[in-house]
Amino acid sequence: MEKPIQPLKVFYAGLYAQDEWEVNKALRVTIGLRVDVPWFGKTGYDNVDADKLTFRDEDGKSVQYKTDKLPDANLLWSPRLGFNWDVTGNRSTQVRGGTGIFTGRPAYVWISNQIGNTGVLTGFEQLDNTRARPFHPDPNHYKPATVTGAPAASYELALTNPDFKFPQLWRSNIAVDHRLPFGVVGTAEFLYNRDVNGIYYINANLPAPQSSFSGVDNRPRWTSNRINSNVANAIVLKNQNVGKSWSISASLEKPFGEGWFAKVAYNYGKSKNTVDPGSIASGSWFNNQHPGDPNNPGVGISLNTPGHRIFATASYRKEYFKFGATTISLFWEGVTIGNYSYTFSGDLNGDGGTSNDLIYIPRDKSEMNFQQFTVSGGPTFTPQQQADAFEAYIQQDPYLSKHRGEYAQRGGALLPMVFRADLSVVQEVFTDLLGKRNSLQFRVDFLNVGNLINKNWGVGQRPVGGLGVNNSYSILTVGSPVADAQGRAQYRLRTVGTGAAAKLIDRTFEPTAGLSDVFSIQLAVRYSFN
């Protein structure tokens, strides 16, 4: 039996023109225009049964899709304008910046998802609480004896909106470089991005919610999460333009002369979107955290948001005896190492995702609704014990304590900054051979050198137990049943430890233990000639 393949034929053309205009000796303007157009060969597989089915879009409208229809060829226009202005005419103050639209590199895997997920190449079975398909070591064991080419009995779909366009970004920046007293060069810059053709996903096979929870957490609830029972999901790739990001940075730089150099800089940025897409359509939708309707998740903080970064560097180079040189460099950095989302463990709202439901952060213990439970081989925790522990946890948590009475935001919680320093020593021996300099360089790098001095320096932190998919952190576990007699969502507080040693979680962070958290020494030898 032949293996199923996902053939994708793409044709891509681009054209770019640019002109530079010197308005006067102080002002130079650059104007450019780029045009790109990708188009696809007809390599999709048509599922005639699925083409007849009716689905539901994010606005509640009934829609149908052609399973073999790939995106149309769309012209992607990218004009841009840049300038550099020497304010004083002596380069002591320069203002530079620009604005324009930029087209991202096409991620063709987003489109090839559709070719492989129409129910023609592969089928899909979801069997819960059954032994109908016990494990068998032979992967051919469950393959059908005959293949007719007809669609599978059940399947999942990956679809693309016919007018889908590859991502485009409107980017603008403004920066000032100024020569300060004592030879210091200062720079300040602001950068702003806005989606022109951002992306997001919907599950068109998700019906309208059948009910909602009561109480303060009144999010919608699904008791049935399929419109068409034989379709596991129908994930549609679409465009929207709500994503945005910005960053601000400043730096001071001083070349001292006689081999000395020093620089210090700071940057802070934030990036927002509705989804951080991966390579698999269904995973991008099911793992996207939200507080309500997964087809309208709202804007959250991207996993690529930069947060804070500050660094300082200094170096000294000394040549001597006309055949050698020594360079000593120190680089110190403080950086936000990531962000995460507070979620439930389990499928609270019934949409089919088990790690995508953002928690509601109660104002006080009266808004909590814990369910009593017993740890296997360990203690029983009452609702009151859990409420007391969760209240103490919220008060010590830097994110939750500031957002009481709200739903947690996707990516809203930042990991603590980590501060590390690297020390580098380079010894160089050089001479002239055949009229060119040849050098032999010996280098030693002390990475995270502070940890060499003190074991507690340069160590990062993470939420206790680590993060889950898409940096989700499950502090609450969905109860059984999901709702109490009044229709309120009920849950259990996370525990740490096992058996008799199990206890309710009482702190947010714990030290990490990776290679970057300890010092290391790196040796290198390099010979260069030019």
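Is F182 buried or exposed? F182 is exposed, with a relative accessible area of 75%. Here exposed means over 50% relative accessible area, buried under 20%, and partly exposed in between (1.4 Å probe, protein chains only).

The model is a predicted one: local features need pLDDT of at least 70, side-chain atom pairs count only at pLDDT 80 or more, and totals for chains, interfaces and linings use all residues. Residues are numbered from 1 along each chain as its sequence is written, and side-chain values use heavy atoms, with hydrogens and water left out.

The protein chain has five helices and 33 strands. These are DSSP runs (helices H or I, at least four residues; strands E, at least two), numbered from the N terminus. A box of roughly 80 × 60 × 50 Å, taken along the principal axes, holds the C-alpha atoms. Of the 530 residues, 40% count as buried. Contacts (heavy atoms within 4.5 Å) were counted between residues at least 6 apart in sequence, and 72% of them join residues at least 24 apart. The accessible surface comes to about 28200 Å², by the Shrake-Rupley method with a 1.4 Å probe. Carbon and sulfur atoms hold 56% of this surface.

The largest nonpolar core has 36 residues. Such a core is a set of buried Ala, Val, Leu, Ile, Met, Phe, Trp, Tyr and Cys residues joined through side-chain atoms within 4.5 Å. Y342, I359, F390, I475, L476 and L493 touch the most other members. At least two residues of this core come from each of β19 (339-345), α4 (383-396), β28 and β29 (489-493). Not counting residues up to four places away in sequence, L476 touches T343, F344, S345, I359, F370, F390, Y491, R492 and L493. A second, separate core has 18 residues, including W110, F164, I199 and Y201.

Backbone geometry shows some further features. Most residues other than glycine have a negative phi, and most peptide bonds are trans. F182 is not a glycine, yet has a positive phi of about 65 degrees. F182 sits in the loop between β8 (168-179) and β9 (185-195). N471, also not a glycine, has a positive phi of about 55 degrees. The place of N471 is the loop between β27 (461-463) and β28. N471 is partly exposed, with a relative accessible area of 25%. S480 and P481 are joined by a cis peptide bond, with omega about 0 degrees. P481 lies in strand β28 (residues 472-483).
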